[in-house]
Amino acid sequence: HLVERGGGLVQPGGSLRLSCEISGINLDYYAVGWFRQAPGKDREGISCISNSGGNTYYADSVKGRFSISKDNAKTTVYLQMNSLKPEDTGVYSCATAGPLLAHYYCANYARSSGFSSWGQGTQVTVSS
């Protein structure tokens, strides 16, 4: 079960931190990805963190501005979003991949294949 929190309305240049609360699985064996879908566009992979937390991946569009992390209890994954732009607007969802091939699916998160459990999403709107 995945629940995203932290979306909202923010001005360009602002920051938000999204959280993905995960229950029912052991994140030591699952990768977690963040995806977004803007109105009228296909879903886009944003970032992924490996089951160990030692590997993180980012889309070029967010590299240097977004940061993915997981808490020590390994039940929540965060997406810190800084220097937000209007084009970051969309519904942000988290998803898990694993336990088999978790590393592979995370490294190839942009395809979103292998991510089988999804949250309901949280709306992020960047506008002045």
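Arg 36 and Glu 44 meet side chain to side chain in a salt bridge, with N and O 2.9 Å apart; the term stands for a side-chain nitrogen of Lys or Arg within 4 Å of a carboxyl oxygen of Asp or Glu. The model is a predicted one, where local features need pLDDT of at least 70 and side-chain atom pairs count only at pLDDT 80 or more, while totals for chains, interfaces and linings use all residues. Residues are numbered from 1 along each chain as its sequence is written, and side-chain values use heavy atoms, with hydrogens and water left out.

The two partners sit in rather unlike surroundings. Arg 36 has a relative accessible area of 6% and so is buried, whereas Glu 44, at 28%, comes out as partly exposed. Here, buried means under 20% relative accessible area, exposed means over 50%, and partly exposed is in between (1.4 Å probe, protein chains only).

Arg 36 also pairs up with Asp 88, again through a salt bridge, and the closest N and O atoms are 2.9 Å apart. This pair links distant parts of the chain, 52 residues apart: Arg 36 belongs to strand S4 (residues 31-37), and Asp 88 to the loop between strand S8 (76-81) and strand S9 (90-97). Helices (H or I, at least four residues) and strands (E, at least two) are DSSP runs, numbered from the N terminus. Asp 88 counts as buried because its relative accessibility is 0%.

Asp 88 has another salt-bridge partner in Arg 65, with 2.7 Å between the closest N and O atoms. Put together, Arg 36, Glu 44, Arg 65 and Asp 88 are linked in a network of salt bridges.

Next comes the nonpolar core, a set of buried Ala, Val, Leu, Ile, Met, Phe, Trp, Tyr and Cys residues joined through side-chain atoms within 4.5 Å. The largest one has 34 residues, and those with the most contacts inside it are Trp 34, Phe 66, Val 77, Leu 79, Met 81 and Tyr 92. At least two residues of this core come from each of strand S3 (16-22), S4, strand S5 (44-49), S7, S8, S9, helix H1 (102-107) and strand S11 (122-126). Setting aside neighbours within four places in sequence, the contacts of Met 81 include Phe 66, Tyr 92 and Arg 65, a contact being heavy atoms within 4.5 Å.

Finally, there are 2 disulfides, each a pair of cysteine sulfur atoms within 2.5 Å. One of them joins Cys 20 and Cys 94, with the sulfur atoms 2.1 Å apart. Cys 20 lies in strand S3 and Cys 94 in strand S9, so this link ties together parts that are 74 residues apart in sequence. The link is right-handed, with 75° about the S-S bond, and both Cys 20 and Cys 94 are buried.

Cys 48 and Cys 106 form a disulfide as well, at 2.1 Å from S to S. Cys 48 is in strand S5 and Cys 106 in helix H1, 58 residues apart, which again links distant parts of the chain. The disulfide of Cys 48 and Cys 106 is left-handed because the torsion about its S-S bond is about -125°. Cys 48 is buried at 0% relative accessibility, and Cys 106 is buried with a relative accessible area of 0%. With bonded cysteines counted along the chain, the disulfides follow the pattern 1-3, 2-4.
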